[in-house]
Amino acid sequence: MPSKGMRNVFFKSTSPSPSRTAMVPPASPSRTFSESLMDENIEIAESLITKWDSNNVSSFANVTSLFHADPHEAKQYLNSVRDLQAAMQHLVTENSSSEKIVAAQNLMQLAMKRLEKEFYQILSVNRANLDPESVSVRSSISSAARSSTSDFEESDESEEDEFRFGTELDDSLSDMDRVSMIAMADLKAIADCMISSGYGKECVKIYKIIRKSIVDESLYHLGVERQISLSQLQKMDWEMVELKIKTWLNAVKVAVKTLFYGERILCDHVFAASDSIRESCFSEISKEAALSLFEFPETVAKCKKTPEKMFRTLDLYEAISDLLPEIQSIFSYESTSTVRSQAINSLIKLGDAVRTMLMDFETAIQKDPSKATVPGGGVHPLTRYVMNYISFLADYSGALADIVADWPLNLQTPLPESYFGSPSELDDCPVSVRFAWLVLVLLCKLDGKAELYKDVALSYLFLANNLQYVVAKVRSSNLKIFLGDDWVNKHELKVKQYASNYERMGWSKVIASLPEDPTAEISPDQARDCYKKFGAAFEEAYKKQSSWVVPDPKLRDEIKVSVERKLGGAYRNFHEKNRGGSGSFVKFAPDDLGNYLSDLFYGNGSTGSVSSSSHSRGRRGH
C-alpha cells in the first residue's frame, strides 16, 4: 500500500503558491456553502468507507464481498469515492494545510484497500467465469454490457440498475453468462475508480498475477511445452516430434482464437480508462507465453530436413499463415511486436525448410538407385511413392503458392511445350509449373528403368502401366486443377501409344504366322503349316506373358479387347477359310483365343503347356 506521502504528492502539485494563497479573499456565503457541501461529501464517504473497512476484524465487511452482497451499495461506495476525491481537490485548492486533507487522504487509502480486496475477490472467485474461452465467446455481448457500478459519472442510474439485475440482458443468456458479464463490468468499474484516484498500480499488480497464471495454466493443459530446444528435438524420433507437432497444431488454434483473444478482450474492457495500462497488462500477461508458443515451429524448421517431414512442416506453415491476421490484431501493441515478429520469422523458416525438402525430393527421384525390374512390368514403387507424395502436396496448394511464389524453377532448358496442353496457362502459376516439373522428372526416370527390361514388349507394358498410374493419380486428386485437362488428355494418349507398342512387339510374331490375307486361297499343306506356326507362336507368347501384369482394370480390358480384335479376327477368318482337312494340326479353336487372353495380365505366372488345358478352356465359352 503506497504511503500517504506518495499520495500527497499529487495534491501538493495542484496546490497554489504561497503568494496566491495570501491573495485568497475572505470567506463569502458561496464559499461557506461549498465548504459545507464538501464536508457533507466527506462525512457520507466516511460512513460507507468505515462500514466496509477490512481492518476491523469484528466487522461484517471482513468476511463479505461488497459487490456480491449489495450491488446498490457498491455503486454508492464508488460514487462516494468519487465525491471524496472531488472534496480533496477542493480542499487543496482552498487550503492546502487543512487537517481535513489528511483525514480525507486516510479515508481514500482505506477505500483503495477495500477496492483492491474486492478486485482480487472478483478475479479469484470468477476464474471459471472469466476464463478466456468464456470471455471470447461472450465478447460481442460484453461490449455492450454495463453495471450499476460502471461508468458511474455518465450512466443513468436506472439503466445501471437494470443491467446489474439482468433485466436488460437477453433472456436466452445462461446464468454463467450473466455472472461473467457482471464480473467484467464490476472489474472495470473498480479499475476506473482506482486508476482515477491514483491507485492504478495496485490494481494492475493483482490483475497481472492472476491473469498470467490463467494463461500459463491454459497453455499447459493444451499440451504446450515451454522452451523445447533444437538439441532436444533432434534427439527425438520423428514419431515423437510428429506427436508434438500434432499437439501444437491443436493448441495454437485455441491459444490464438480463444486464449489470447479472450485475454485481450478482457484486458481492454477492464482497463478501458488507460491505454498505457491496458497495453502493459496484456503484454506482461501474454507476451512470454506467446513467444514460447510461436518459437516451436521455427525450432522444428531448423531440424534435419527429410522428405517425410514435408507435410507436418506444411501443416505448421498453414496454421501460422491462417492465424497471422489474428495474431497481428491481438498482439498489435508496440510492446508485443516481438510476438508478431516471432510468428513471421517462424513462417519464413518453415517456408525455407519446405523449399529445401522440395529440392531434396527432386534429387531423390533423379538419383533413385534401384536397378531391379518390377516383375511383370507392373507399377514401380518409385511411381507410387512419388505420385502419392505429389498428390498430397497438391492439398497444400495455398501454402505452396506462398512458398514458391518468389522461387522460380531454374532449368538449364525450358520445359518442352509438348509436355503441356496449354503451357501459357501454367506460366502464371508457379505451383503448377513445380508440380509439372516433378512429374516430368519421374517420367524421365521411368524411361530409364524401362530400358532395364530385356523384352521390348514388356518395357512398353511397363511404361503404359506406370504412366496410367500417374494419369489416374492426377485425375483423382487436386493435381488435375494445376496440370489441367489438356495435360491429362495428352498423357492418356501417350498411354495408348505405349499399349499399342506393346501389342505390336508382343504379338507381331503370332500375327505374322498367318497369311497377310487370312481369306486368301492356299493349299492344305500351306494351311497346315500356318496352323503349326500359329499354334507355336501363340503358345510361346502366352507362356511368356502369363506372368505380366496390368494392374489398372480399365487399361487391362482395353489391351485385351484390342489384342483379341486384331489377333482373334484374323485367326477366325483364316480358320473358317481353311477348316477342312486340318485335323490335329489345329491346336486352338477361334473361341479358345478369347479364353486364353482373358487370363492374361493378372501375373498368375502359368508355366504349363497351354495345349494341355485347351480342351477344358474350350468348354468355358464367352
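Student: Which residues line the second largest cavity?
Tutor: In this predicted model, the second largest cavity is lined by Leu358, Leu393, Leu400, Val404, Val431, Arg434 and Phe435. H18 and H20 each supply at least two residues of that lining, and the largest share, three residues, comes from H20.

Student: What makes the residues of this lining nonpolar, polar or charged?
Tutor: Leu, Val and Phe count as nonpolar, whereas Arg counts as charged, and the lining of the second largest cavity therefore divides into six nonpolar, no polar and one charged.

Student: Why are H18 and H20 called roughly perpendicular to each other?
Tutor: The axes of helix H18, residues 397-404, and helix H20, residues 430-450, cross at roughly 95° and come within 9 Å. Angles of 65 to 115 degrees count as roughly perpendicular, and H18 and H20 are therefore described in that way. Their contact is made by Ser397, Leu400, Ala401 and Val404 of H18 together with Pro430, Val431, Arg434 and Phe435 of H20, and these residues divide into six nonpolar, one polar and one charged.

Student: Which elements give two or more residues to the lining of the largest cavity?
Tutor: The largest cavity has a volume of about 70 Å³, and its lining includes Trp238, Val300, Ala301, Ala353 and Met357. The elements that give two or more residues to this lining are H14 and H16. By class, the residues of the lining divide into six nonpolar, one polar and three charged.

Student: How do you know where the coordinates should not be read in detail?
Tutor: Where pLDDT is low, the predicted coordinates should not be read in detail. The chain averages a pLDDT of 82, with 79% of the residues scoring at least 70. Over residues 142-163, however, the pLDDT is below 50, although this stretch has 55 contacts in the model beyond near neighbours in sequence. Over residues 611-622 the pLDDT is also below 50, and that stretch has 21 such contacts.

Technical notes. Residues numbered from 1 in each chain as written. Predicted model: local features only at pLDDT ≥ 70, side-chain atom pairs only at ≥ 80, totals over all residues. Heavy atoms only, no water. pLDDT = per-residue confidence, 0-100. Contact = heavy atoms within 4.5 Å. Axes fitted to C-alpha atoms, helices over the stretch in contact; angles between N-to-C directions. Helix = DSSP H or I, 4+ residues; strand = E, 2+ residues; numbered from the N terminus. Parallel < 35°, antiparallel > 145°, perpendicular 65-115°, else oblique. 1 Å grid on protein atoms, 1.4 Å probe; cavity = no way out; pocket = protein on both sides within 12 Å on 5 of 7 lines; lining within 4 Å. Points joined across faces, edges and corners; volume = space filled by probe spheres on them.
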